[in-house]
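Please open the model in a viewer and keep the sequence at hand.

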Amino acid sequence: MPEKRKKLLWQIFPLFLFITIISLVAVTWYSTTFFKKFFLENSEQELTIRAELVKSVVKGETFTKTDALCKVIGKKTGTRVTVILPTGVVIGDSFGIISGMENHRTRPEVGLALKGERGVSVRYSDTVEKNMMYIALPLFKNGQISSIVRVAVSVSTIDNEIKNIQKNIFWALIITVFAAAGISLFVSRRITRPIEEMNSSAHYFAKGDLTRRLAIPDSRELAKLAITMNQMAETLDEKIKTVNSRSMELEAVYTSMRDGVMAVDRDEKIITFNRAAAKIFDVPASTLKGKNIHGITRNYDLQKFLKKALNNASTFEDDIVIQRDKEYLFHVHSTPLYNIWKKQMGTLIIFHDITRIRHLETMQKDFAANVSHELKTPLTSVKGFVETLQDLMEEKEFSKNGLSFLTIIEKNVNRLIALIDDLLVLSKLERKQGGDIVFQRHDITQIISRAVDTCQREIDQREVAILGRYLKADSCKTLTAPVD
């Protein structure tokens, strides 16, 4: 099952939107942090100035009037003013009752002021139950710290302002995100639309329609890609046409071959074959390809030949017999097949039917034997009668039987001449590759009678009795001669 992949549009658009949102969030965080820091720094500077003013006012007052003075200053300025002794005891506070306050020596800003430094701290106040900013300054008398003047202001106002700013920025962020989403979608479609159009046209290439051409997009990079793909399609179209033309030529030659041609892989499965090969195995051509050779034929000689051919890195040939309606003799030749990595992938087998050739060879052998026998018979007869004539001439009895002997010699000579004529005719027929031969019916009675007459002398000498009876079938007659 193919993996489901997202469209390029839905890969680019979320990325643009994500980058936009991250950028806006970062700007929002930075701006709010910056504003808060800015407000705190301003508040710190303002509180420091107030602390210096309070310090100058409190400096000349006695401890008994300090608390009342702190409350007056705090009421007029809206600032919490606290005066603390070096021991941590609070002697004046504008918002609280000093008698119930705990020791302030452990406060961070007080600790820094006791060291002679300016103490600054932003923390929650249990007294007023708010987040406060504290500025503590040491008050010196005779070179010693006589007291600590601390002023404080609530930072809740700053927090509220920051929240308002954040709220406004949030709504601006929402509006900006929607605007950015629309712009991102527009840009993404503008980028992906030419690619989708090219992809749609490229489907025709995949289906084999290489005559179609891609539209050239406006962008330089995609335009180069479209031009390159069009050139590739044109080149492939030309090469495929060339390959198809050559393939059709080879297929025509391959199909028209009278010899059977078959390719088999290492697993003894048929890769390809031609019509002659299908005819050899007497099976439909459509069922051969991809089948195992053992499922096509159970011929042991072919299976043995195939195993040797697949295990042999060179050409190999042999003669095998394939039985169909009758026996057919084939001269089989194999050639190894190699893939692009020079590894043997199978073998190519060519079946050459030599049944007729072997039949003709057998006929020639039989014919030579028969002709030799046929020539020997009249020659022996001629030789015998010539010797008899010689004997008669010596005994001066030639006039009595000489004429009959000469007649027999003449017949045998004529027979030799007829045999030679038959040889010439057969030679002509063989040179014509077995051309059209016209068969006619003949009466063979005379031939058999002449054969009996020719052999009459041997028959008499050997005292062989020939009993013959003639059977008529149409115009042909056959002779059956049982011999005792």
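Select helix α2, residues 63-77, in this predicted model. Both D67 and K71 lie in this helix, four residues apart, about one turn of the helix. Display their side chains: D67 forms a salt bridge with K71, and the closest N and O atoms are 3.0 Å apart. D67 counts as buried because its relative accessibility is 18%, under the 20% cut-off. K71, with a relative accessible area of 33%, is partly exposed.

Which residues does G96 contact, leaving aside its neighbours within four places in sequence? They are K71 and M101. G96 has 10% relative accessibility and therefore counts as buried.

Next, select R80 and D93. R80 is located in strand β1, residues 80-84. A salt bridge links D93 with R80, the closest N and O atoms being 3.0 Å apart. D93 belongs to strand β2 and R80 to strand β1, so this pair ties together parts that are 13 residues apart in sequence. As background, side chains of opposite charge can pair when their charged atoms come close.

Move on to E102 and R107. These residues form a salt bridge in which the closest N and O atoms are 2.6 Å apart. E102 is partly exposed, with 49% relative accessibility, whereas R107 is buried, with a relative accessible area of 16%. The structure holds nine salt bridges.

The next stop is the largest nonpolar core, which has 23 residues. Select M262, F281, F330 and F351, the residues with the most contacts inside this core. The elements that give two or more residues to the core include α6 (275-281), α8 (300-310), β8 (316-323), β9 (327-338) and β10 (344-353). Colour α8 separately, as this helix gives the most to the core, with five residues. In soluble globular proteins, nonpolar side chains tend to be buried together.

Centre the view on F330. Not counting residues up to four places away in sequence, F330 touches several residues, among them I280, I320, I322, F351 and I354. The aspartates D318, D319 and D353 are also touched by F330. For a second, separate core, select L47, V81, I91 and M133, which are included among its 19 residues.

Return to strand β9 and select H331. This histidine has 27% relative accessibility and so counts as partly exposed. Which side chains make polar contacts with that of H331? One is the side chain of E317, at 3.5 Å; another is that of D319, at 2.7 Å. Beyond four places in sequence, H331 also touches D318, I350, F351, H352 and I354. The C-alpha atoms of H331 and V321, 10 residues apart along the chain, are separated by 8.9 Å.

For a surface feature, select L15, F18, I19 and I22. Together these residues make a nonpolar surface patch of about 400 Å². L15 is found in helix α1, residues 9-58, and counts as partly exposed, at 48% relative accessibility.

Finally, show the whole chain. The protein contains 12 helices and 12 strands. Of its 484 residues, 30% count as buried. The protein exposes about 33,200 Å², of which carbon and sulfur atoms supply 58%. Among contacts with a separation of 6 or more, 47% are accounted for by residues 24 or more positions apart.

Notes
Residues are numbered from 1 along each chain as its sequence is written. This is a predicted model: local features need pLDDT of at least 70, side-chain atom pairs count only at pLDDT 80 or more; totals for chains, interfaces and linings use all residues. Side-chain values use heavy atoms; hydrogens and water are left out. A nonpolar core is a set of buried Ala, Val, Leu, Ile, Met, Phe, Trp, Tyr and Cys residues joined through side-chain atoms within 4.5 Å. Buried means under 20% relative accessible area, exposed over 50%, partly exposed in between (1.4 Å probe, protein chains only). Contact means heavy atoms within 4.5 Å. Patches are made of residues with over 30% relative accessible area and no salt bridge: like charges are joined within 9 Å, nonpolar side chains (Val, Leu, Ile, Met, Phe, Trp, Tyr) within 5 Å. Accessible areas come from the Shrake-Rupley method with a 1.4 Å probe; for residues, only the protein chains shown count as cover. A salt bridge is a side-chain nitrogen of Lys or Arg within 4 Å of a carboxyl oxygen of Asp or Glu. A polar contact is a pair of N or O atoms within 3.5 Å; within protein, one must be able to donate a hydrogen and the other to accept it, and residues adjacent in sequence count only if both atoms are side-chain atoms.
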